[in-house]
Amino acid sequence: MRPRDTLLIPSGMDSNPDKKHLFIVMTSPTGPLEEVLLFSISTYTGSKKQDSTCLLEPAEHPFISRPSYVYYRGARIERLPNLMRALDSGLFVRKEQVSEELFHRIVDGMYRSKAIRPLPIDFYEDAQRYV
């Protein structure tokens, strides 16, 4: 697993258990726990509660079918072995990588977003030291 990879990860409630969100892998596996940073993509409706720092259009990735945004507040740090087990079992689904241009926009947005917490930024920066 490497930066720019994408995964469909279940995110639905009991009322919609098949719902999945696209997650973008932001780092290579890092540290003794082999962790990676993930950002999810959500539909953008224009609500003031949504972070408009990094907006995406449908043409920017094959899975994105409507205006979307990077949900920086929901950043996740996950262990690679757990992700691989979920992929092997079919629970998670690997999708196409994001373009380098889009990946760099997402990173730039990470530094500009007022919604992100410090931990994901620190994790990303620490991971870059080992690249």
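How many of the 9 residues of strand E3 (residues 35–43) are buried? I looked this up first in the model, which is predicted. I found that 7 of its 9 residues are buried, and I therefore noted strand E3 as mostly covered, buried being under 20% relative accessible area.

**Entry: the partners of E3.** I then looked up the strands that pair with E3. Strand E2 (residues 20–25) pairs with E3 in the antiparallel sense, over 4 bridges. Within this pairing I recorded Leu-38 of E3 as the bridge partner of Val-25. Strand E5 (residues 68–79) also pairs with E3 in the antiparallel sense, over 8 bridges. Here I noted that Glu-78 in E5 stands opposite Val-36.

**Entry: aromatic pairs.** I looked up the aromatic pairs next, and the count comes to 3. I noted both Phe-39 and Tyr-72 as buried.

**Entry: the tyrosines.** Tyr-44 and Tyr-69 also form an edge-to-face pair, with 6.0 Å from centre to centre and 70 degrees between the planes. I located Tyr-44 in the loop between E3 and strand E4 (55–56), and Tyr-69 in strand E5, so the pair ties together parts 25 residues apart in sequence. Tyr-44 is partly exposed, at a relative accessible area of 24%, whereas Tyr-69 is buried, at 7%. Lastly, I recorded that Tyr-44, Tyr-69 and Tyr-71 form one aromatic cluster.

How values were computed
Residues are numbered from 1 along each chain as its sequence is written. This is a predicted model: local features need pLDDT of at least 70, side-chain atom pairs count only at pLDDT 80 or more; totals for chains, interfaces and linings use all residues. Side-chain values use heavy atoms; hydrogens and water are left out. Buried means under 20% relative accessible area, exposed over 50%, partly exposed in between (1.4 Å probe, protein chains only). Helices (H or I, at least four residues) and strands (E, at least two) are DSSP runs, numbered from the N terminus. Two strands pair if DSSP finds at least two bridges between them. Rings of Phe, Tyr and Trp (its six-membered ring) pair if their centres lie within 6.5 Å; planes under 30 degrees apart count as stacked, over 60 as edge-to-face and the rest as tilted.
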